[in-house]
Amino acid sequence: MRLALAEGVAASVRAERPDVPVGAVVLDPAGAVVAVAANERELTGDPTAHAEVLALRRAAERQQEWRLDGHTLVVTLEPCTMCAGALVLARIERLVFGAWDPKAGAVTSLFDVVRDPRLNHRIDVRGGILEAECGAVLRGFFGR
């Protein structure tokens, strides 16, 4: 989670087009870092350039496989519906997130996309990891 936090903070202080400080890390089944990303929506002008989606893309490219069975995604903020859906489609085994997102969270707050029994894959979830730190970074960014 600390690596994800550092990625998110780096994106928020980027000289050219700072972005919301959300960072994500994909870990392989042994716990090794496979991919790291931060939000790049402002940088790229791409509405899908959320940290989770970019980390999944990079992990799939590195693994040369879109199925990320056994992998864990660590992210500083509860994923939105788009990202939660992407996690299910990528077959991520475990999701670890920091702060809850009461306005757009699709893992616990508003919906539970990743554990919906109607889908073909469900993800083990652990939320609230370094919640205070993750939340403080986000509040600081929006406070500026």
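The buried residues of helix H3 pack against strand E1 (23-27), strand E2 (33-38), strand E3 (72-77) and helix H4 (81-89). Buried means under 20% relative accessible area, exposed over 50% and partly exposed in between, with a 1.4 Å probe and protein chains only. Helices (H or I, at least four residues) and strands (E, at least two) are DSSP runs numbered from the N terminus. The model is predicted: local features need pLDDT of at least 70, side-chain atom pairs count only at pLDDT 80 or more, and totals for chains, interfaces and linings use all residues. Residues are numbered from 1 along each chain as its sequence is written, and side-chain values use heavy atoms, with hydrogens and water left out.

Helix H3 covers residues 51-63. Its 13 residues reach 18 Å from first C-alpha to last, close to the 18 Å expected at 1.5 Å a residue; the expected span is 1.5 Å times one less than the number of residues. Buried positions in H3 include Val53, Leu54, Leu56 and Ala59. Gln64 follows H3 and has a positive phi, near 55 degrees.

The largest nonpolar core has 40 residues, of which Leu73, Ile92 and Leu95 touch the most other members. H3 gives the most to this core, with five residues. Such a core is a set of buried Ala, Val, Leu, Ile, Met, Phe, Trp, Tyr and Cys residues joined through side-chain atoms within 4.5 Å. Beyond its neighbours within four places in sequence, Leu73 is in contact (heavy atoms within 4.5 Å) with residues including Ala55, Leu56, Leu87, Ile92 and Leu95.

The largest pocket has a volume of about 520 Å³. Of its 21 lining residues, Val20, Leu77, Asp101, Leu138 and Phe142 are the closest to its centre. A pocket is an open set of points on a 1 Å grid over the protein atoms alone, where a 1.4 Å probe fits, with protein on both sides within 12 Å along at least five of seven lines; lining residues have an atom within 4 Å of a point. The volume is the space filled by probe spheres set on the points.

| Class | Lining residues |
|---|---|
| Nonpolar | 11 residues |
| Polar | three residues |

Val137 lies in H5 and counts as partly exposed because its relative accessibility is 22%. Leaving aside neighbours within four places in sequence, Val137 is in contact with Leu5, Val9 and Pro21.

Notes: Ala, Val, Leu, Ile, Met, Phe, Trp, Tyr, Cys and Pro count as nonpolar, Asp, Glu, Lys and Arg as charged, and the others, Gly among them, as polar.
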